[in-house]
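Subject: Structure handover

Hello,

Here is the structure I promised to pass on. Please open it first, then read my notes below.

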Amino acid sequence: MSRNITLTMIKPDAVSKGYTGKIIDHFITNGFKIIAMKKLKLSDTKARSFYAVHKERPFFEDLIKFMTEGPVVAAVLEKENAVESFRETIGATNPADAAEGTVRKLYAENIERNAVHGSDSDENANIEAHFFFSDIEFC
Ligand code: ADP
Ligand code: MG
């Protein structure tokens with residue numbers, strides 16, 4: 001049986017402000033189990049590859065600059081209905097629109113520097129999880 005997972009990154013804004021622990025605790029409190037986790041700095045090439053789907057968008061170059069300015073914490077999280085449930089936990093892309101108590105409402109600066117990533121489908125969760133982690137790191 002394949003696990004129901006999502007891929008998250010705690011983004012450079014939140015890591016640099018010392019929110020990593022609080023955000024991980026928020027995930028756990030909301031029922032997510034940590035399957036794999038690491039801190040790393042994305043290279044320009046890796047960031048462009050991860051966000052390739054957005055390469056024609058006007059914010060793409062700024063997004064790459066932001067995502068490579070400092071370390072991120074990447075993690076694979078498991079929960080029933082993981083992708084949808086996690087997007088509820090993190091809130092809307094723009095923290096100004098995010099519901100009270102969501103990670104982005106609590107910790108994000110603005111629509112770009114929005115504290116966390118969450119996968120948008122089961123298919124992409126699987127692709128993104130393997131972007132950061134090899135099979136032996138899933139446990
Ligand atoms: P989400 O992360 O909620 O899935 P998207 O996939 O649409 O959002 O966008 C990816 C990331 O690009 C966002 O999390 C945010 O960091 C950045 N972004 C999205 N829209 C904008 C925008 N209008 N202006 C600046 N940055 C943006
Ligand atoms: Mg997205």
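Which strands does helix H7 lie across, and at about what angle to E1 does it run? Helix H7 covers residues 122–132. It lies across E1, E2, E3 and E4. Its direction is at about 50° to E1. Please keep in mind that this is a predicted model.

The sheet

Those strands belong to an open sheet of four. Reading across, the order is E2-E3-E1-E4. The pairing is antiparallel. Strand E2 (33–40) and strand E4 (116–118) are the edge strands. Each of these two pairs on one side only. From one strand to the next, the twist averages 15°.

Look next at where E1 meets E4. Strand E1 spans residues 5–10. Three bridges join E1 to E4, and the two run antiparallel.

Helix H2 takes in residues 20–29. H2 lies across E1, E2, strand E3 (72–78) and E4. Its angle to E1 is about 160°, whereas helix H7 runs at about 50° to E1.

Thr8

Now pick out Thr8, which sits in strand E1. Is Thr8 buried or exposed? Thr8 is buried, because its relative accessible area is 1%, and the cut-off for buried is under 20%. The side chain of Thr8 reaches the backbone oxygen of His117 at 2.7 Å. Leaving out residues up to four places away in sequence, Thr8 touches Phe27, Val73, Ala74, Ala75, Leu77, Phe86, Val116 and His117.

The ligand

What surrounds ligand 1? The residues are Lys11, His54, Phe59, Leu63, Arg87, Thr93, Arg104, Ile111, Glu112 and Asn114.

- Lys11: an N or O atom of the side chain is 2.8 Å from an oxygen atom of ligand 1.
- Arg104: a polar side-chain atom lies 3.1 Å from an oxygen atom of ligand 1.
- Glu112: a polar backbone atom is 2.8 Å from an oxygen atom of ligand 1.

On its own, ligand 1 has 530 Å² of accessible area. The protein covers 79% of that.

Best wishes

Technical notes: Residues numbered from 1 in each chain as written. Chains lettered and ligands numbered in written order. Predicted model: local features only at pLDDT ≥ 70, side-chain atom pairs only at ≥ 80, totals over all residues. Heavy atoms only, no water. Pairing = 2+ DSSP bridges. Axes fitted to C-alpha atoms, helices over the stretch in contact; angles between N-to-C directions. Contact = heavy atoms within 4.5 Å. Buried < 20%, exposed > 50% of the residue type's maximum accessible area, 1.4 Å probe, protein only. Polar contact = N/O pair within 3.5 Å; in protein donor to acceptor, adjacent residues only side chain to side chain. Near = heavy atom within 4 Å. Areas by Shrake-Rupley, 256 points an atom, 1.4 Å probe, with all protein chains shown as cover.
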